[in-house]
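Here is a briefing on a two-chain model, grouped by topic. The sequence and structure come first, and the notes follow.

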Amino acid sequence: MRSVRKGCARARWAGVRVGGVGFDGRRAVVRTSISVALATGLYGVSFGALSVVAGLSTAQTMALSLLMFSGGSQFAFIGVLGAGGAAGAAIATAGLLGARNGLYGPQVAPLLGVRGGRRLLAAQLTIDESTAVATAQSDVADARAGFWWTGAGVFVLWNAFTLLGAVLGDALGDPRRYGLDAAAAAAFLALVWPRVSGPTGAVARLVAGGAVLVALALTPFTPAGVPVLVAAAVAILVGVLTPMSDDEPTTPEHTGDVP
Amino acid sequence: MSPTATWLAVIGASAVVYALKVVGHLVPEHWLAKPRVARTASLVTVALLSALVAVQAATTGKELVADARLPALAVAAVALVLRAPFIVVVVLAAATAAGLRALGMA
């Protein structure tokens, strides 16, 4: 939870700079939300293009962005299907990557205080970015504004840019000629980067290295999709069995993270 | 995979991911809020994404392959070290692979 405190300190400092709580503070939150939504929404283009290249239709691609609405899970899903993996492996991989959204719920639910239909809507918008912006605020009203503005903003732009990417990807033809297969690998690298770089990423770097070795070693011998799932099992063992240090972050920062 | 099977997978995976989000909002904090659970989930994310990097960059079907994707990935890594935005990283990698293939690399 260290990064939450760090986020609060940063938000308070920003609040002082723009004139404290109230209207000016709210405007700063909305401005942050919109810039996060723009940055995140924009790379919906790469998801849309890579999804049709992986063999999904434009309608299926849009269904993923509207219904699944979790970038890491979406990229993983099309990655496994595109590599020839079975439906079960694709669903399991997307689900495992989506598990962290389930951990954000207990962080944002007490801040939002919503019930019924609005709670179901809040759940769909509970992603890395909305959680990061909400938990970085120093008062509840700002946290609520940050959650809804960021969640709704990312949702609208992510879907709009997914559609654009799907249309572009459909028009391109042979994906290898445009290096789109390399773009998929680079997308995953960019998604994992914030989690393994920096001084707090030592255990994460070890797990990342182990996952690469396991995935490559198993590829010749197992059905597509299985190597990725076995790599996840290794991470669960490391997470459960190794001692913890205090400085491992558990909350997303809203820079370059997965929606 | 047939279009129907793909649709079933799309709907099934979306339902699983949404259900996980809802569970987070419905269960009281208790065990989900424990640092070790959060840490394990974070490490699983790292492992999945790292394994996907390896599979996307260095395999074709069941074979390990070294082609234009590897230098493209190296360019992406340099861009990330220089703190380039996501979309720039992805475009640079695609351009590198496309350029190397135009020059005759596999």
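From its N terminus on, chain B runs α-α-β-β-α-α, where helices (H or I, at least four residues) and strands (E, at least two) are DSSP runs numbered from the N terminus. The model is predicted: local features need pLDDT of at least 70, side-chain atom pairs count only at pLDDT 80 or more, and totals for chains, interfaces and linings use all residues. Residues are numbered from 1 along each chain as its sequence is written, while chains are lettered from A and ligands numbered from 1 in the order in which they are written.

**Each chain by itself**

- Chain B has four helices and two strands.
- The radius of gyration of chain B is 19 Å, whereas a compact globule of 106 residues would have one near 13 Å; the radius is taken over C-alpha atoms, and the globule rule is 2.2 Å times the number of residues to the power 0.38.
- Along the principal axes, the C-alpha atoms of chain B fill a box of roughly 60 × 40 × 25 Å.
- In chain B, 43% of the 106 residues count as buried. A residue is buried if 20 or more other C-beta atoms lie within 10 Å of its own, exposed if 12 or fewer, and partly exposed in between, with C-beta atoms placed from the backbone.
- Of the contacts in chain B between residues at least 6 apart in sequence, 35% join residues at least 24 apart; two residues are in contact if their C-beta atoms, placed from the backbone, lie within 7 Å.
- Chain A has 12 helices and zero strands, and 57% of its 259 residues are buried.
- For chain A, 75% of the contacts between residues at least 6 apart in sequence join residues at least 24 apart.

**The interface**

- In the contact between the chains, 89 residues of chain A meet 70 residues of chain B.
- On the chain A side, the elements that give two or more residues are α2 (23-42), α4 (58-68), α5 (71-82), α6 (87-112), α7 (116-124), α10 (180-196), α11 (202-218) and α12 (226-241).
- The largest share of that side, 18 residues, comes from α6(A).
- By class, the chain A side has 61 nonpolar, 21 polar and seven charged residues. Ala, Val, Leu, Ile, Met, Phe, Trp, Tyr, Cys and Pro count as nonpolar, Asp, Glu, Lys and Arg as charged, and the others, Gly among them, as polar.
- Ala87(A) is placed in helix α6 of chain A and touches Met1(B), Ala5(B), Leu8(B) and Ala9(B), residues up to four places away in sequence not being counted.
- Ala87(A) counts as partly exposed because it has 19 C-beta neighbours inside 10 Å.

**Helix α10(A) against α3(B)**

- The axes of α10(A) and helix α3 (residues 69-81) of chain B come within 9 Å and cross at roughly 35°. Axes are lines fitted to C-alpha atoms, for helices over the stretch in contact, and angles run from 0 to 180 degrees between N-to-C directions.
- From α10(A), the residues Asp181(A), Ala182(A), Ala185(A), Ala186(A), Leu189(A), Ala190(A) and Trp193(A) meet Arg69(B), Ala72(B), Leu73(B), Ala76(B), Ala77(B) and Leu80(B) in α3(B).
- By class, this contact has 11 nonpolar, no polar and two charged residues.

**The nonpolar core**

- The largest nonpolar core has 118 residues, and Ala186(A), Leu48(B), Ala51(B), Ala76(B) and Ala93(B) touch the most other members. Such a core is a set of buried Ala, Val, Leu, Ile, Met, Phe, Trp, Tyr and Cys residues joined through C-beta atoms within 7 Å.
- Helix α2 (residues 35-58) of chain B gives the most to this core, with 15 residues.
- Neighbours within four places in sequence aside, Ala186(A) is in contact with Ala72(B), Leu73(B), Ala76(B), Val89(B), Val90(B) and Ala93(B).

**Loop residues**

- Most residues other than glycine have a negative phi.
- Phe69(A), in the loop between α4 and α5 of chain A, has a positive phi near 40°.
- Phe69(A) is buried, since 26 other C-beta atoms lie within 10 Å.
- Arg83(B), in the loop between α3 and α4 (86-102) of chain B, has a positive phi near 65°.
- Arg83(B) counts as exposed, with 12 C-beta neighbours inside 10 Å.
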